[in-house]
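Hi everyone, thanks for coming. Let's take a short walk through one structure together, so please have a look at the screen.

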Amino acid sequence: MNTSRFGLAVLAAGLALGLAPLAAVADDILPPDGVAPVVGMAHDGEALWLAGASANDGIVVKAETGDEVRFNATPQSVQALAWSEDKLWVADFGDADAARDHVVAYRLTSTEPGQTRYNAFDFRYQDGPRDAKAFLISGRGRVYVVTSGDNPGIYRSSLNLSRESMNTLVRVTAAPEGVTDGVFLADGSTMALRTAKGIEIVTD
């Protein structure tokens with residue numbers, strides 16, 4: 001994978017939405033009360049979804065209306081959201097102490113307001129516990145995770161995930177330092193990763 005850096009003040013919302021024209025300007029959207037600080041964003045083509053303070057209570061929020069979607073799970077440290085094949089994914093991948101036996105991604109069955117069901121997928125890193133704040137799903141439906149801390153890396157799963165057994169995340173390459181979010185662009189294969197220094201573009 002190749003990495004290039006943009007030292008531009010690209011709007012964070014543009015990154016999170018994965019919009020094809022990165023230069024597009026959108027109206028400011030303030031997080032609903034109780035959501036800030038926002039730790040994850042995803043766009044479903046029409047609405048912006050946020051994970052904030054209530055995400056560890058199993059709640060995600062529609063930014064434009066404040067509508068809540070609740071899923072009856074007990075995440076430990078939600079750090080990201082992703083949208084793929086008409087489903088919202090909630091990534092419980094935070095592990096600052098590198099102490100978790102495994103991490104979990106929840107795929108919600110609906111984003112209608114109120115209670116919804118979910119499918120849970122367990123993941124374990126090939127080389128031991130890691131902390132991560134970026135969770136992405138490629139155009140083919142493969143999960144990618146970008147870790148933080150010492151020796152950050154880009155990891156990916158197998159194409160076909162299992163709900164019954166552990167899914168292994170295999171290191172693909174080194175990652176930029178300090179990645180806090182990421183998304184695949186419209187081609188489904190190019191990553192845009194947000195860091196404190198700007199946007200890193202990662203291609204095969």
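Let me start with N167, which is buried, as its relative accessible area is 5%; buried means under 20% relative accessible area, exposed over 50%, and partly exposed in between, using a 1.4 Å probe and protein chains only. You will find N167 in strand β14. Strands here are DSSP runs of E, at least two residues long, numbered from the N terminus.

Before going on, a word on what we are looking at. This is a predicted model, so local features need pLDDT of at least 70 and side-chain atom pairs count only at pLDDT 80 or more, while totals for chains, interfaces and linings use all residues. Residues are numbered from 1 along each chain as its sequence is written, and side-chain values use heavy atoms, with hydrogens and water left out.

How confident is the predictor? pLDDT is its confidence in each residue, from 0 to 100. The mean for the protein chain is 88, with 86% of residues at 70 or more. Over residues 6-25, though, pLDDT stays under 50. Where pLDDT is low, the predicted coordinates should not be read in detail.

Back to N167. Which residues does N167 touch, not counting those up to four places away in sequence? They are F121, D122, F123, R124, L161 and S162, where contact means heavy atoms within 4.5 Å. The N167 side chain also reaches the backbone nitrogen of S162, at 2.8 Å.

Next, N119 in strand β10, residues 118-125. N119 counts as buried too, at 14% relative accessibility. Beyond its neighbours within four places in sequence, N119 is in contact with A105, Y106, R107, T109 and R163.

Now for T180, in the loop between β14 (167-174) and β15 (181-184). T180 is partly exposed, with a relative accessible area of 32%. Leaving out residues up to four places away in sequence, T180 touches K133 and R194. T180 and Q79 are 101 residues apart in sequence, yet their C-alpha atoms are 8.7 Å apart in space.

Finally, the sheet. Five strands form an open sheet with mixed pairing, in the order β2-β3-β4-β5-β9. β2 (40-43) and β9 (114-116) stand at the edges with a single partner strand each, so one side of each has no neighbour in the sheet. Two strands pair if DSSP finds at least two bridges between them. β2 and β3 (residues 48-51) pair in the antiparallel sense over four bridges, and the partner of M41 in β3 is L50.

How values were computed
pLDDT is the predictor's confidence in each residue, from 0 to 100. A polar contact is a pair of N or O atoms within 3.5 Å; within protein, one must be able to donate a hydrogen and the other to accept it, and residues adjacent in sequence count only if both atoms are side-chain atoms.
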